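Thank you all for making time; please bring up the sequence and the structure, and I will then talk through a few places in it.

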Amino acid sequence: MENLSENHDFFKSFCNNVRNSISAEDFEVFSKLSTDRDRCEFVNNLPTVKLIRIERGVVVKSAEKAIELKKEGNNAFQAKEWKKSLAFYNQSYFMTPHDQESDLAVIFANRSAALYHMEKYDLALKDIARAIDVNYPKDMRYKIKEREAKCFLAQERHVEALQCFKNTITALDEAKLPEEKRMKMERDAQIMVKMLTKTIEKCGSKKIKEKPKQSDTSKPHPSLAFDYTETDGRFAKASGDISVGETILSELPHCSALLERCAKTHCHHCFMRLIAPLCCPTCSDALFCSDACRSAALKSYHKYECGLLSTIWRSGTSIICHLSLRTLTQRDINYFLKIRDELKANGDEYPFDQRIKFLNSDYRKVCNLFKVSVEKRSSNEIFQHTVMAQFLTQCLEAGGFFTSQGDVKNDMGAILLRTLQILQFNTHEVFELQVGKTPKSPDRKTIFIGGALYPTVSLFNHSCEPGVVRYFRGNRVFVHAIKNIKGGEIVAENYGPLYTQEDREQRRETLKQIYHFDCMCIPCQENWPLFDVSSKFLISSLT
């Protein structure tokens, strides 16, 4: 039995082997199957598929390696190379086994010191709290209590700083310090207590406003509406006037997946840049920016993907493959078994006015987004997608997604196959704007960091002269109006080709090939000239 987990870029060759293993007659049988479930069952029963397996990877963490990295961090810290020391402390943390609480406590404490000197006070405070949570030694606790007080003091949070300086004095009773040094630290803390007490009595304390929590639902502009017709399909329109510059939509994804090359620099859950990341207790493949992001991932998709991420990344499949898997792993199997029968009862279709009301986290919100019908797709393409769905089903099985519900792999494979077809036309690339090292640097570029499915943004139709532009903050998308849009007009985004950069035939050919439609936007109907042609005409008319 072949273990695919041990190979690199294996999916293409695996798919070719499966295709070549069946006769022309059997392939003809496959091409006549009418349901996704039947297609999955057909592929699942092929001998070449039965002979393969996928296993969770063995994750190696090393206390010895972690100690070496911590020492490197300490050396950098003593040299006042704060960023370098932080990088070593991060690596030491990643390598530390989860059950080594004493080692974790010291690493969190050391990392908080580097963050304090980098003026990352909020992050330093979080690491101090983590160090205490994993039983940082009581005889050393005075160090982090004093640092905690200084963080609050730097933020002008006088009440918290006062209490922490008092806690520092208490913690010094447990400290194993020479009497002279202990007395000096206690006197210094007492001075800060008196000073802060007077400051609070005179000026009060500074209150820190909490950042509003992100909602998991879209927030459309009051004048943004959606409609459906047989000829135009689903589309966005303005029910009232929308002014240029207005934010008309803010949306979190139904599902998202980070590229492997960004796995060490961005949060696995929200895509924000990492400074002092947290990792999965078992593996170091998935890093997170906060306890909240890590908790959300561990309670849903990552408990099935842990130990499998390297296999998914090595498979050679696109980000769409991972997104399809994430669509299922972010919920448990019982949810999909429940809606499986509902999908069948509805003929796999929901009326537009009904599905627009589903929450973004609901699969029924996305299961009827645009996909090309079977009649317009080749049997080879359908077969390749079915083999991919089977590979993903094997990943689900290896991750423990299937429990005691009986043989439901073909049902889940059918949902994966359907999702692959939907994501082919509705996935948005998530970008990050990167600027130069100095504020005056002109070096600005957008970097592709992952993919996501946005149920509401996916309802916008295309125009070669769009009325909106998208940008991202992490994996949250924001849609801004870039021109005035009057009530009753279509609100269109752009799927790639712009009239200013490509001529009409190029644009139409691209859209037809990728999205299977003939563009009938105004620039295409009127055959607007390219931007450089327009500019030359304008200049000549003014001279």
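This is a predicted model: local features need pLDDT of at least 70, side-chain atom pairs count only at pLDDT 80 or more; totals for chains, interfaces and linings use all residues.

Leaving aside residues up to four places away in sequence, Arg294 touches Tyr93, Leu278, Cys279 and Phe288, where contact means heavy atoms within 4.5 Å. Residues are numbered from 1 along each chain as its sequence is written, and side-chain values use heavy atoms, with hydrogens and water left out.

Arg294 lies in helix H12, residues 291–299; helices (H or I, at least four residues) and strands (E, at least two) are DSSP runs, numbered from the N terminus. From Arg294 to Val457 there are 163 residues in sequence and 26 Å in space, C-alpha to C-alpha.

Asn44, in turn, belongs to helix H3, residues 36–44, and is buried at a relative accessible area of 18%, buried meaning under 20% with a 1.4 Å probe and protein chains only. Again without residues up to four places away in sequence, Asn44 touches Val49, Lys50, Gln390 and Asn410.

Turning to the sheet, three strands form an open sheet in the order E5-E12-E11, with antiparallel pairing, and two strands pair if DSSP finds at least two bridges between them. Strand E5 (247–251) and strand E11 (468–473) each have a single partner strand and stand at the edges, so one side of each is left without a neighbour in the sheet. Between E5 and strand E12, residues 476–481, the antiparallel pairing runs over 4 bridges, and Thr247 has His480 in E12 as its bridge partner.

Technical notes: Buried means under 20% relative accessible area, exposed over 50%, partly exposed in between (1.4 Å probe, protein chains only).
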